[in-house]
Amino acid sequence: MAIVVSDTSPIRALSHLHCLPWLQDLFQNVIVPPGVAQELQNASPLLPVVHLSAWSFITVQPPRRGERVTELATTLDFAEAEAIALAEQIGAGFTSGHKPSCLARRRMPNVPMTVRPQLVATVRPASSSIRIASLLDRLQQEINFFISPALRHAVLQLARELSPPSK
């Protein structure tokens, strides 16, 4: 199993869907930097606190290279900058709620990326009758999460929930 560094959105979205254990099915360990842990402690009417201590497979670890965080934070938010710096440091993949900016992507070409909805489609247990389309609908309707039509289409294809195009 792999180790992955996560930004805030994937954990918050999967927690909202009550699917956070799916991460454990896919990854040996999910690591978040302190900035992400702090964001998960901030509640709003639509987004409750996510208690990381309840999940043994999620650990908090700060990046060692503060200068790298500062450099990335010029184009990204602080928590995402910390997460990317940490992924680079430990040689892990990175999962985010959106595709990092082209600038950030060029700065870290060796860090594997996973977009959160694709992660949901990939992690769903094979025996599960849960439809990814309904999970994506819930994210959009219940917590106003933006998912572009193109990304939705790609995720549903990955989850094998779209019919092949008719000829």
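Which backbone nitrogen lies 2.5 Å from a polar atom of the side chain of Glu161? The nitrogen is that of Ile132. The legends below return to this pair.

This is a predicted model, in which local features need pLDDT of at least 70, side-chain atom pairs count only at pLDDT 80 or more, and totals for chains, interfaces and linings use all residues. Residues are numbered from 1 along each chain as its sequence is written, and side-chain values use heavy atoms, with hydrogens and water left out.

**View 1. The whole protein chain.** The protein chain holds 9 helices and 5 strands. These are DSSP runs numbered from the N terminus: H or I of at least four residues for helices, E of at least two for strands. Along the sequence the order is β-α-α-β-α-β-α-α-β-α-β-α-α-α. Of its 167 residues, 46% count as buried (under 20% relative accessible area; exposed is over 50%, partly exposed in between; 1.4 Å probe, protein chains only). Among contacts (heavy atoms within 4.5 Å) between residues at least 6 apart in sequence, 66% join residues at least 24 apart.

View 2. Glu161 lies in the segment after α9. Glu161 is buried because its relative accessible area is 14%. Its side chain reaches the backbone nitrogen of Ala133 at 2.9 Å, and a polar atom of that side chain is 2.5 Å from the backbone nitrogen of Ile132. Both are polar contacts: N or O atoms within 3.5 Å, one able to donate a hydrogen and the other to accept it within protein, with sequence neighbours counted only if both atoms are side-chain atoms.

**View 3. Phe146 in a loop.** Phe146 sits between α8 (132-143) and α9 (149-158). Phe146 is exposed, at 65% relative accessible area. Its C-alpha atom is 9.6 Å from that of Leu136, 10 residues away along the chain.

**View 4. Helix α5, residues 78-90.** The 13 residues should span 18 Å at 1.5 Å a residue, and the end C-alpha atoms are 18 Å apart, which agrees. The expected span is 1.5 Å times one less than the number of residues. At the start of α5, a side-chain oxygen of Asp77 comes within 3.1 Å of the backbone nitrogen of Ala79. Buried residues of α5 include Glu80, Glu82, Ile84 and Leu86. Gly91 follows α5, with a positive phi near 70°.

**View 5. Helices α1 and α3.** Thr8, Ile11 and Arg12 of α1 meet Val36, Glu39 and Leu40 of α3.
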